[in-house]
Amino acid sequence: MTSKTDHLLALDTIQPLPVAFHEKDHSYIWQPTRERMKYSVTQVCSVLKTQEELDNIERHRPSWEPRGNAVHKAGELFMDGFPKEELCGGPYDEWIRHMFDCPFWEDFKPLATEFRMCDRERSIGGSCDALGIDTLTDRVVLMDIKSQSRRTAQDYSTDAQMGGYCRMINAQLGIEVDECLTLWVRPGKTTLGESQDPQRCLDAFEECWGLFQAKVDLSA
């Protein structure tokens, strides 16, 4: 019997989409038409945060941003085949070294890393950390890496963010995600979050999009 993921298992990578990312203003551009997306998945999902929470994120940006960038880059390079020994060391070694020891990687075959996409209908861009296959179950897995400052930090919902990516993966790649997973990277400890149902994630993003549209309309 041929599984629905056989064609994905036969691939080494999924070819990049013609989407450019401008880091300076965190914008995405659909290159064939030079169409700049008005929003990002992160921006849409931020509608769930209070102004105090948003201010707190900005206040602590000098602390979390370089750590997050380092952890994500190490994860991307590891999934792209770089030896983990070459990626350890430096100021964030306690995060990165333990991230590589997580059993998750044993059965995960990454097909796309730091994959840029867009939703042209809604003018939204975004980049997922990884899309791949669980080789034990043949399930299509969307994975996101979150780094946190403390070993005792608590998980939080990433459903809406995952839903934004699922919508674009389905529309632009014609791939249906079977499972969403969040990897929580903390100093000295990395844990895999509970399985997130893609439909639940899509519903959460739809709720965000409705709230975000209402907010945009009010400020117009």
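## Briefing on strand pairing, burial and a pocket

Ile 29 has Arg 36 as its bridge partner in strand 3, and this pair belongs to an open sheet of three strands in the order 1-2-3, with antiparallel pairing. The model is a predicted one, and the protein chain has a mean pLDDT of 94, with 98% of the residues scoring at least 70.

**Overall form and confidence**

- The protein chain contains seven helices and nine strands. Its radius of gyration is 17 Å, close to the 17 Å that the globule rule gives for 220 residues, so the chain is as compact as a globular protein of that length.
- Taken along the principal axes, the box filled by the C-alpha atoms of the protein chain comes to roughly 50 × 50 × 30 Å, and 46% of the 220 residues in the chain are buried.
- Confidence within the protein chain is lowest in helix 1 (residues 6–9), where the mean is 76, and highest in strand 8 (residues 179–186), where it reaches 98.

**The sheet of strands 1, 2 and 3**

- Strand 1 and strand 3 stand at the edges of this sheet and each has a single partner strand, so one side of each is left without a neighbour in the sheet.
- Strand 1 (residues 19–22) runs antiparallel to strand 2 and is joined to it by four bridges; Phe 21 has Tyr 28 as its bridge partner in strand 2, while His 22 is partnered there by Ser 27.
- Strand 2 and strand 3 (residues 35–36) also run antiparallel, and two bridges join them.
- In a regular strand the side chains alternate between the two faces of the sheet. In strand 2 (residues 27–30), Ser 27 and Ile 29 point one way and Tyr 28 and Trp 30 the other way, and all of these residues are buried.

**Hairpin turns and positive phi values**

- The hairpin of strand 1 and strand 2 has four residues between the strands, and within it His 26 takes a positive phi near 50°, although His 26 is a residue other than glycine.
- Glu 114 lies in strand 5 and is partly exposed, with a relative accessible area of 32%.

**Strands 6, 7 and 8**

- Strand 6 (residues 124–134) and strand 7 run antiparallel and are joined by five bridges, with Asp 134 standing opposite Arg 139 in strand 7.
- Strand 7 pairs with strand 8 in the parallel sense, over seven bridges, and the bridge partner of Val 141 in strand 8 is Glu 179.
- Of the nine residues of strand 7 (residues 139–147), eight are buried, so this strand is largely enclosed by the rest of the structure.

**The second largest pocket**

- Rolling a probe the size of a water molecule over the atoms shows where empty space is left.
- The second largest pocket holds about 220 Å³ of space. It is lined by 15 residues, of which Ile 14, Pro 16, Ala 112, Thr 113 and Phe 115 are the closest to its centre.
- Strand 5 (residues 108–119) contributes the most to the lining of this pocket, giving seven residues.
- By class, the residues of the lining divide into nine nonpolar, two polar and four charged.

Notes
Residues are numbered from 1 along each chain as its sequence is written. This is a predicted model: local features need pLDDT of at least 70, side-chain atom pairs count only at pLDDT 80 or more; totals for chains, interfaces and linings use all residues. Side-chain values use heavy atoms; hydrogens and water are left out. Buried means under 20% relative accessible area, exposed over 50%, partly exposed in between (1.4 Å probe, protein chains only). Two strands pair if DSSP finds at least two bridges between them. On a 1 Å grid over the protein atoms alone, a cavity is a set of points where a 1.4 Å probe fits but cannot get out, and a pocket is an open set with protein on both sides within 12 Å along at least five of seven lines; lining residues have an atom within 4 Å of a point. Grid points are joined across faces, edges and corners, and a volume is the space filled by probe spheres set on the points. Ala, Val, Leu, Ile, Met, Phe, Trp, Tyr, Cys and Pro count as nonpolar, Asp, Glu, Lys and Arg as charged, and the others, Gly among them, as polar. pLDDT is the predictor's confidence in each residue, from 0 to 100. The radius of gyration is taken over C-alpha atoms; the globule rule is 2.2 Å times the number of residues to the power 0.38.
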